[in-house]
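I opened this entry to keep a record of what I looked up, element by element. The notes follow the order in which I went through the model.

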Amino acid sequence: MEKLQNYIGGKLCAPVKGEYLDNYEPARGEVYSLIPRSGAEDVTAAVKAAEAAFPAWSALSNAERSKHLMALSNRIAERLDELAMAESRDNGKPFKLAQSVDIPRARDNFAFFATAILHQEDEFHNMGGKGFNYTLRQPLGSVACISPWNLPLYLFSWKIAPALASGNCVIAKPSEVTPYTAYLLSQICIEVGFPAGVLNIVHGLGAEAGQAMVENDTIKAISFTGGTATGARIASIAAPKFKKMSLELGGKNPNIIFDDCDFERAVKISTRAAFANQGQICLCGSRIFVQRGIYDRFKEAFVERVKGLKVGAPEEESSRMGAVVSEAHMEKILSYIQLAQEEGGQILHGGKRVEMPAPYDKGYFLEPTVIEGLSFDCRTNQEEIFGPVVTLTPFDTEEEVLMMANSTEYGLACTIFTQDLNRAHRVARDIHSGIVWINDWLVRDLRTPFGGMKNSGVGREGGFEALKFFTEAKNVCFNY
Ligand SMILES: NC(=O)c1ccc[n+]([C@@H]2O[C@H](COP(=O)([O-])OP(=O)(O)OC[C@H]3O[C@@H](n4cnc5c(N)ncnc54)[C@H](O)[C@@H]3O)[C@@H](O)[C@H]2O)c1
Ligand SMILES: O=C/C=C/C=C(\O)C(=O)O
């Protein structure tokens, strides 16, 4: 069976202790490769390589660093279909989705930050006749990037690219659940002659390799995307060490549909927002609030559309949904569907595992599930499920829906459907979330601040926010 390797100091290598973890193919429910079970000793080696590479990498001009990052972007573009196939196999998502969203976005992440640093302006504060200040933004040194399984290469590269662009060396850990495209990225680094030690990829468990990065005293910053409980654990270790932290955590996002909306558009986009990537996107609109006047009509049209979402083999063109990422995750989602029923919810569609023919009969396929009849404050409507499960809740007034939408511990994203401009902007102002879409969902401009409030995280990624995060600001004041 194929054994993945770590990438340290420009070379592929086995973990020091020689231990490996099983890597499952979700659509078949079978182990198909092994990944290094790295520990603190592998992280130490990666940090050593990063520290050795840092002086030369940070001394390059922005234009030179840009060229190295563009080489990664270009090679990802050349290997796009192969990477998409690998992502789909490793994660269970439809190949078409990986081919049209995940891998193009990984390509764009590198290109975006490679070119952003060519357009950066530095801050200058003039004190008139007295003198002036300029601000140097200097790289931190070695930084850690830790990413989750739902959008593997997309989110891995979203962190690594700005860290590298701003002159840092990186120790990165992809999720142990979906390590494969990060492994292919390490091969790509070797193919394009990316400088040794600048990017190091260490595979393994969060509690072992991940935590060793957080505990390592040489690592200056942690950029983390994942669950809220993991974020809290990381913060408890990193904060007393005064490491910089960017935490992108969970969500339980409201999708608010007013009765004056463009109805067909609201139905179509809400379906995608609920079930894209099997509902495993932190931005998914998992709580749909519909104004009472159109509730029944919306419910009928929405369920009809959801019935048309084909759950199928990831590589099939016609599949709109693939497998969820693991057996444990599937069981967690099913337990929430059970809980929803215990809390009084009625299932309008779905609710069960999908029986698939061989070779997918052991795969983790779930029906897209629509539930109504729950109170806004029950557990089903408050806790993150992170799967293909959505609830429908009627509301009467703007005030009422804001109260319900804002009632969770999360504050990541929100979607609002209305044709009333004033209302759209008023609700956008009053909603507690870091990201708001009006009449759309997951439209991304990589320059904008990305992140959540409340328990959805601390800090923002994207554009210059990310470049600022990965640098230390040093103000130089000159007085005549
Ligand atoms: N806000 C966002 O941008 C965003 C994006 C994607 C996913 N998420 C969230 O991620 C969660 C699902 O992803 P997941 O299950 O992979 O999350 P997770 O928190 O279990 O794992 C994320 C990463 O952290 C590592 N990790 C786990 N424990 C660690 C520790 N003690 N120290 C250091 N690293 C550790 C894991 O190995 C993995 O690489 C969901 O809650 C989802 O909402 C958030
Ligand atoms: O699951 C989380 C999705 C995160 C998306 C982004 O970070 C992005 O689009 O930049």
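I began with helix 4, which bends by about 25° at Arg105; since this is a predicted model, I take that angle as a property of the prediction. I then looked up the extent of helix 4, residues 95–116, and found 22 residues that reach 30 Å from the first C-alpha to the last, close to the 32 Å expected at 1.5 Å a residue.

I noted an open sheet of 7 strands, in the order 15-16-17-14-13-19-20, with mixed pairing. Its edges are strand 15 (346–349) and strand 20, each of which pairs on one side only. Ignoring direction, I find neighbouring strands of this sheet turned by 25° against each other on average. Helix 9, residues 263–275, packs on the sheet, where it touches strand 13 (253–257), strand 14 (285–291), strand 17 (389–395) and strand 19, and its direction makes about 155° with that of strand 14.

I then looked up how strand 20 is joined to strand 19 (residues 413–417), and found that the two run parallel, with 4 bridges between them. From strand 19 the chain passes through helix 14, residues 421–430, to reach strand 20, and this β-α-β crossover is right-handed. For individual pairs I wrote down that Ile435 in strand 20 is the bridge partner of Ala413, and that Trp437 in strand 20 is the bridge partner of Thr415.

I also recorded an open sheet of 3 strands, ordered 6-7-23 and paired antiparallel. Here strand 6 (124–126) and strand 23 (471–479) are the edge strands, each pairing on one side only. Neighbouring strands of this sheet are turned by 20° against each other on average, direction ignored. Between strand 7 (residues 131–139) and strand 23, which run antiparallel, I find 9 bridges, and in strand 23 it is Val476 that stands opposite Tyr134.

My next entry concerns helix 7, residues 206–215, and I asked how many of its residues are buried. The helix is mostly covered, with 7 of its 10 residues buried. I listed these buried residues of helix 7 as Gly206, Ala209, Gly210, Gln211, Ala212, Met213 and Val214. They pack against helix 1 (40–59), strand 8 (142–146), strand 9 (169–173), strand 11 (221–225) and helix 8 (228–238).

Last, I looked up Lys310, which lies in the loop between helix 10 (295–307) and helix 11 (327–342).

Technical notes
Residues numbered from 1 in each chain as written. Chains lettered and ligands numbered in written order. Predicted model: local features only at pLDDT ≥ 70, side-chain atom pairs only at ≥ 80, totals over all residues. Pairing = 2+ DSSP bridges. Right-handed = clockwise from strand over helix to strand, strands pointing away. Expected span 1.5 Å × (residues − 1). Bend = angle between axes of the 7 residues up to and from the residue. Axes fitted to C-alpha atoms, helices over the stretch in contact; angles between N-to-C directions. Contact = placed C-beta atoms within 7 Å. Buried ≥ 20, exposed ≤ 12 C-beta atoms within 10 Å, placed from the backbone.
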